[in-house]
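I opened a notebook for this structure. These are my entries on what I looked up.

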Amino acid sequence: MSAAPKDLGSLLAALDPSADLAHRHLWLINLLDWVRGKRDSVPASVGRVQLFLDAVAARPDIQRRLQAWWFTLVDQVDVTTLLADFGFAPRTALVSEVAERLRTKLLPGSPETIDASELFMLALPSAFDAQWLAALEEAQLNRLVDLLAPADAGESAGGATRWHRALLDAITYCAGQILSTGFAPELRLRMSESAREAQPFHVLIRDVESLRVEVLHALRTPDRLNESAQRLRERLEACRAAAATVYAHFEENGISVGLVFRLRQLRERILRVRELLDCLLSPKPAVNAARLMAHLVMVGQERRSLRALLAANSSLLAAKVAERSAETGEHYITRTGAEYRSMLRKAAGGGALMAFTTLAKFGLYALALSAFWGGFMAGINYAVSFVLIQLLHFTVATKQPAMTAPAMAAKLKELGTGNAIEAFVDEITHLVRSQVAAVLGNVLVVAPAVLALAALIAWASGSPVLSKHQAEHVFESLHLLGPSLFFAAFTGVLLFASSIIAGWTENWFVLNRLDSAMHYNPRITQLLGTRRAARWARFLRENLSGFAANISLGFMLGLVPAFAAFFGLGLDVRHVTLSTGQMGAASAVLGLQVLQMPTFWWAMASLPFLGALNVSVSFYLAFSLALRAQSVSGVDRSRIYAAIRARLRTAPLSFFMPDRRTDTQAATGS
């Protein structure tokens with residue numbers, strides 16, 4: 001069998017039940033490849049199945065060889081593993097499943113196997129297989145059963161067939177896995193108290209054994225069989241409901257992707273048992289078997305997908321990250337004049353501190369450190385500055401969008417009427433106005449602050465903070481027609497990434513109950529004292545997310561350019577506040593002559609675009625994630641766009657300054 005047969009005659013001639021394991025399986029693979037053809041016509045594939053049935057029925061010698069081949073196949077390859085385990089991770093851990101899927105995608109499979117799941121993946125590798133399998137008619141399927149295993153077809157009148165026994169074994173195996181997962185302490189302890197008291201998993205195996213007895217007993221009655229099947233269905237539903245209570249625990253105490261993976265595996269096992277049970281009790285076993293095989297083909301398609309695995313098991317974590325960011329983001333949206341002025345003051349404070357950050361950055365350049373250590377020290381400089389800004393309750397404008405976007409996405413769930421659209425547009429104006437206030441507060445303070453500090457340093461030390469060449473290079477690096485705009489967009493990606501790290505860190509902190517441990521752990525309370533331990537626990541619970549965002553962003557801004565340079569990528573960062581501060585330092589060195597330099601004005605022109613890209617890219621990525629995580633769909637975007645355009649025509653200043661009438665109404669509570 002050096003080449004695969006291309007026509008039915010050659011396929012039937014090549015059928016050899018005494019061939020070795022690999023060649024017997026290769027014959028099946030070649031047969032099914034002939035059936036699917038060019039994968040462009042389901043009726044054509046169904047027609048080829050009919051041709052195969054007619055050809056085998058017309059030749060008794062072929063029929064005998066086919067039956068011998070079939071019995072050898074089912075004796076050596078246990079179909080129970082396919083029915084019970086196909087599509088499930090061999091170990092209940094997300095990391096091991098990722099490794100398994102990578103192995104499946106990268107390494108070829110061998111037909112020399114007794115694993116029915118491996119053979120199934122080789123024989124039916126295409127989603128098209130599910131279509132033609134589901135299209136087979138009942139008469140064709142019954143005829144195929146008669147040709148392959150006439151003994152089993154006759155046995156069904158007096159007892160359980162080989163197919164029934166395989167289904168029972170698969171149900172038993174699945175039930176064992178369900179029981180094992182349900183008894184795992186990390187899930188059991190997170191179930192609700194009522195679910196634990198009901199003990200649905202304890203008697204699951206007993207119900208399965210009761211069903212087995214009723215199916216295998218020769219004198220079984222339909223009533224007893226249906227009663228045992230119904231009891232098993234109810235038990236499975238009770239197990240599913242008990243496992244679902246774990247999600248309520250996640251809502252309050254953080255999410256673990258590994259636990260979500262185990263819960264999804266448990267739910268899929270329960271659904272598989274239901275499917276197997278339907279096949280077992282069906283009056284048309286051949287039809288249900290074909291439908292089950294079609295379903296398993298689609299399971300195999302998903303089994304190959306890394307994207308589907310990660311998306312399914314990280315959706316809850318993404319939702320929780322978005323939810324926590326939404327709660328934080330509400331604090332960054334100003335709705336009244338008082339809140340607007342408060343945002344300006346906070347942003348001004350952030351800009352003042354960023355002036356010191358900018359000069360410290362130039363000081364680090366003077367040390368002439370290697371690329372890595374220069375980036376590392378720059379990361380420390382940024383991280384310390386951002387943390388100080390957080391602790392002093394100041395703000396950095398570019399950090400807001402990743403937090404405010406989830407808050408805006410959450411409000412999309414409330415859209416329904418025209419009034420809701422108007423209210424959402426109000427929130428958009430509040431958001432834009434808040435962002436404008438933050439950016440202006442940063443950049444309008446950082447530039448004069450750097451100018452003053454640079455002049456003070458030059459007066460005290462007798463030398464400028466930068467050389468003339470370095471000052472000119474600052475303007476050239478920020479040129480509007482250079483790569484600065486691309487770097488600003490890339491910086492927006494880093495800003496978004498820091499918000500994800502912040503949400504994940506807070507979720508991890510809550511999931512592991514570290515605030516409770518710090519509050520009550522005897523060793524910690526003995527070291528810090530009860531009151532101090534409680535204060536530290538509360539402090540970390542309230543500020544850990546900010547620490548994670550600020551520290552991660554600082555090190556990304558410092559180290560990513562260094563790593564990019566190592567790989568020859570030439571990536572850099574352009575943060576609008578830092579860039580404005582750098583221009584202030586360069587202007588202090590060059591004096592009033594900068595006003596005559598074209599590069600100064602090109603750099604000045606780039607600043608609004610840097611700020612816009614920092615903000616918009618970060619906001620877009622966070623908003624898109626929040627929409628998916630919070631399952632927001634069906635939004636009529638045209639109505640929102642029309643309402644925004646109308647607001648721009650009637651009240652354009654509302655996007656930049658608070659409305660006094662709205663401010664007065666908010667103050668009076670009317």
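The entries run from the whole chain down to single residues.

**Entry 1: overall make-up**

I am working with a predicted model. I began with secondary structure. The protein has 31 helices and 0 strands. I then asked how much of the protein is buried. Of its 670 residues, 48% are buried.

Contacts came next. I took those between residues at least 6 apart in sequence. Of these, 82% join residues at least 24 apart.

**Entry 2: the largest pocket**

Rolling a probe the size of a water molecule over the atoms shows where empty space is left. How much space lies in the largest pocket? I noted about 1,600 Å³. The pocket is lined by 47 residues. Closest to its centre are Trp 70, Leu 144, Leu 148, Trp 163 and Met 293. I sorted the lining by residue class. It divides into 37 nonpolar, 5 polar and 5 charged residues.

**Entry 3: salt bridges**

Side chains of opposite charge can pair when their charged atoms come close. I searched the whole structure for such pairs and got 21 salt bridges. I followed up three of them, plus a network.

Arg 36 with Asp 33. The closest N and O atoms are 3.3 Å apart. Both residues lie in helix H2, which covers residues 21-36. They sit 3 residues apart, about one turn of the helix. Are the two partners buried or exposed? Arg 36 has a relative accessible area of 2%, so I log Arg 36 as buried. Asp 33 has 41%, so Asp 33 goes down as partly exposed.

Glu 138 with Lys 284. Here the closest N and O atoms are 3.6 Å apart. Why does this pair tie together separate parts of the sequence? Glu 138 is in helix H9 (residues 138-148), while Lys 284 is in the loop between helix H16 (257-281) and helix H17 (285-303), so the bridge links parts 146 residues apart in sequence. I checked accessibility for both. Glu 138 is partly exposed at 34%. Lys 284 is also partly exposed, at 43%.

Arg 231 with Glu 227. I read 3.7 Å, N to O, for this salt bridge. Both residues belong to helix H15 (residues 222-253). They are 4 residues apart there, so about one helical turn separates them. Arg 231 has 29% relative accessibility and counts as partly exposed.

I then asked which residues are linked with this pair in a network. The salt-bridge network consists of Asp 207, Glu 227, Arg 231 and Arg 235.

**Entry 4: positive phi**

Most residues other than glycine have a negative phi. I looked up two residues with positive values.

Arg 39 has a phi near 60°. Where is Arg 39? It is in the loop between H2 and helix H3 (42-58). Its relative accessible area is 42%, so I class Arg 39 as partly exposed.

Arg 513 has a phi near 55°. Arg 513 is found in the loop between helix H24 (484-511) and helix H25 (514-520). At 53% relative accessible area, Arg 513 is exposed; the cut-off is over 50%.

I started with Thr 358. It lies in helix H19, residues 337-366. Its relative accessible area is 1%, which is under the 20% cut-off, so Thr 358 is buried. What does Thr 358 touch, not counting residues up to four places away in sequence? I listed Val 450, Leu 578, Gly 581 and Gln 582.

Val 208 followed. This residue is in helix H14 (residues 204-216). With a relative accessible area of 3%, Val 208 is buried. Val 208 and Ala 229 are 8.5 Å apart in space and 21 residues apart in sequence.

Methods. Residues are numbered from 1 along each chain as its sequence is written. This is a predicted model: local features need pLDDT of at least 70, side-chain atom pairs count only at pLDDT 80 or more; totals for chains, interfaces and linings use all residues. Side-chain values use heavy atoms; hydrogens and water are left out. A salt bridge is a side-chain nitrogen of Lys or Arg within 4 Å of a carboxyl oxygen of Asp or Glu. Buried means under 20% relative accessible area, exposed over 50%, partly exposed in between (1.4 Å probe, protein chains only). On a 1 Å grid over the protein atoms alone, a cavity is a set of points where a 1.4 Å probe fits but cannot get out, and a pocket is an open set with protein on both sides within 12 Å along at least five of seven lines; lining residues have an atom within 4 Å of a point. Grid points are joined across faces, edges and corners, and a volume is the space filled by probe spheres set on the points. Ala, Val, Leu, Ile, Met, Phe, Trp, Tyr, Cys and Pro count as nonpolar, Asp, Glu, Lys and Arg as charged, and the others, Gly among them, as polar. Contact means heavy atoms within 4.5 Å.
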